[in-house]
Amino acid sequence: MEETIGVTEAAQIPKQRGELLLDSAVRYAEERHWDVVPGTWLEAVEGKERCSCGAEACPMPGAHPARPDWSTQATGSAVGARRMWSKTPKASILLPTGRTFDAIEVPESAGFLALARMERMELTLGPVTCTPDRRMFFFVLPGAAAKVPDLVRKLGWVPTSIDLVTRGEGFYVAAPPTRVGGFGAVQWARKPTPANRWLPDAEELISPLAYACGREAADARSRRA
């Protein structure tokens, strides 16, 4: 499920990728009760892969909403998910945030630093994804988007200065095995398992996440100096 499919394997993608996406979307709805919605997908055009949206310079090719009303199309039904991906088998899997979970987004290097610290502290962790553009998303209980900025400020950081943002209502995250152009696939840093079905509150994770992001931001400033 986490395997990255390279651009050179484009001829093999439709069948293999469609099966993976449909099965994964159904499993997310059935086992995790997450809402899912199909997004755009990749198409072969003149020997190159392009986003189904048609934009040549698409910033997230094959991994963004396919229609303006995407949030109203999302379903938490396994039957509904199977029906939607049967119609568009190559569509990316998007998980709306602000419903069953919010997601705290951080740079990948800071995310892995925080993850190692959290595991040493034996904190309760939910699923965590890694994206090909080197970002990590920590799944937490809904409501995080409203309180994370204040939590970060109380720790002495300015949220906009440490590259830590939270996705809540009206946003989404791409789920494995969604592939983003020729850059690679979204993968799990921590897979969904029965052990992490109950998500942590943002307050439990924000200190190590903010510290790791603050440290990375400080290192970046010193490199520029």
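Biologist: Contact means heavy atoms within 4.5 Å, so which residues is Glu108 in contact with, leaving aside its neighbours within four places in sequence?

Modeller: Glu108 is in contact with Cys130, Thr131, Arg134, Arg135 and Met136, once those neighbours are left aside. This is a predicted model, in which local features need pLDDT of at least 70 and side-chain atom pairs count only at pLDDT 80 or more, while totals for chains, interfaces and linings use all residues. Residues are numbered from 1 along each chain as its sequence is written, and side-chain values use heavy atoms, with hydrogens and water left out.

Biologist: OK, and is Glu108 buried or exposed?

Modeller: Glu108 is buried, with a relative accessible area of 15%, where buried means under 20%, exposed means over 50% and partly exposed lies in between, using a 1.4 Å probe and protein chains only. Glu108 lies in helix α4, and helices (H or I, at least four residues) and strands (E, at least two) are DSSP runs numbered from the N terminus.

Biologist: How many helices and strands are there in the chain?

Modeller: The chain has six helices and twelve strands.

Biologist: Which residues touch the most other members of the largest nonpolar core?

Modeller: They are Ile104, Val106, Phe138, Val148, Leu164 and Leu209, out of 25 residues in that core. A nonpolar core is a set of buried Ala, Val, Leu, Ile, Met, Phe, Trp, Tyr and Cys residues joined through side-chain atoms within 4.5 Å.

Biologist: And which element gives the largest share of this core?

Modeller: That is α6, which supplies seven residues; the elements that each supply at least two include β5 (102-107), α4 (108-120) and α6 (202-224). There is also a second, separate core of 22 residues, which includes Met84, Ala91, Phe101 and Phe139.

Biologist: Changing topic, where does His33 lie?

Modeller: His33 lies in the loop between α1 (13-32) and β1 (37-38), and has a positive phi of about 60° although it is not a glycine. His33 is exposed, with a relative accessible area of 51%.

Biologist: What about Glu122, buried or exposed?

Modeller: Glu122 is exposed, with a relative accessible area of 71%, and is found in the loop between α4 and β6. Its phi is near 60°, which is a positive value in a residue other than glycine.

Biologist: Last one, which residues does a cis peptide bond join?

Modeller: A cis peptide bond joins Pro176 and Pro177, with omega at about 5°, and Pro177 lies in the loop between β9 (172-174) and β10 (179-180).

Note on methods. Contact means heavy atoms within 4.5 Å.
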